[in-house]
Amino acid sequence: MYRAVDRKSGITVGLKLYRRTMLNDMERHQIAREIWLHIQLNHPSIIALYAAWKDKDYIYLVLEWAPEVGCGLVTLCCSLTRCCANHYVQWVLCVLAVLR
């Protein structure tokens, strides 16, 4: 994931690149599914997909920039308070409800 800035709007975005020659059929299918799912989802807890395209060398995905999430992963490195854990679990359940 790369950080990029749109030249026209000045908006910071995440740029995900996949080298097409390095992908097997299953990985291509998973990327197509990722794009298909993103197109259908619109929720504040899910990183938005702004655009996707391919050329002869790469597949490009332009995503909402969320530096506090760290490339879509939440890492827990210490014990949580009950309130913080409750908030985190509610967030995960909300995302799962949207995906269901």
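Me: What is the relative accessible area of Lys-16?
Reply: Keep in mind that this is a predicted model, where local features need pLDDT of at least 70, side-chain atom pairs count only at pLDDT 80 or more, and totals for chains, interfaces and linings use all residues. Residues are numbered from 1 along each chain as its sequence is written, and side-chain values use heavy atoms, leaving out hydrogens and water. Lys-16 is partly exposed, a class lying between buried (under 20% relative accessible area) and exposed (over 50%), with a 1.4 Å probe and protein chains only. Its relative accessible area is 23%.

Me: Which residue forms a salt bridge with Lys-16?
Reply: A salt bridge here puts a side-chain nitrogen of Lys or Arg within 4 Å of a carboxyl oxygen of Asp or Glu. For Lys-16, the closest N and O atoms are 2.9 Å apart, and the partner is Glu-34.

Me: How many residues apart are Lys-16 and Glu-34?
Reply: Lys-16 sits in strand β2 (residues 12–19) and Glu-34 in helix α1 (residues 25–40); these elements are DSSP runs numbered from the N terminus, helices being H or I with at least four residues and strands E with at least two. So the pair links distant parts of the chain, and the separation is 18 residues.

Me: How many salt bridges does the structure hold?
Reply: Besides Lys-16 with Glu-34, Arg-28 pairs with Asp-25, closest N and O atoms 3.4 Å apart. Asp-57 pairs with Lys-56 at 3.8 Å, with Asp-57 partly exposed at 36% and Lys-56 exposed at 69%. The total number of salt bridges is three.

Me: What is the area of the nonpolar surface patch made by Val-89, Leu-93 and Leu-96?
Reply: Patch residues have over 30% relative accessible area and no salt bridge, with nonpolar side chains (Val, Leu, Ile, Met, Phe, Trp, Tyr) joined within 5 Å and like charges within 9 Å. Leu-96, in helix α2 (residues 82–99), is partly exposed at 47%. By the Shrake-Rupley method with a 1.4 Å probe, where for residues only the protein chains shown count as cover, the patch comes to about 260 Å².

Me: How far apart in space are Ile-46 and Cys-94, C-alpha to C-alpha?
Reply: Ile-46 lies in the loop between α1 and β3 (49–54), and at 14% relative accessibility Ile-46 counts as buried. Although Cys-94 is 48 residues away in sequence, the C-alpha to C-alpha distance is 9.8 Å.
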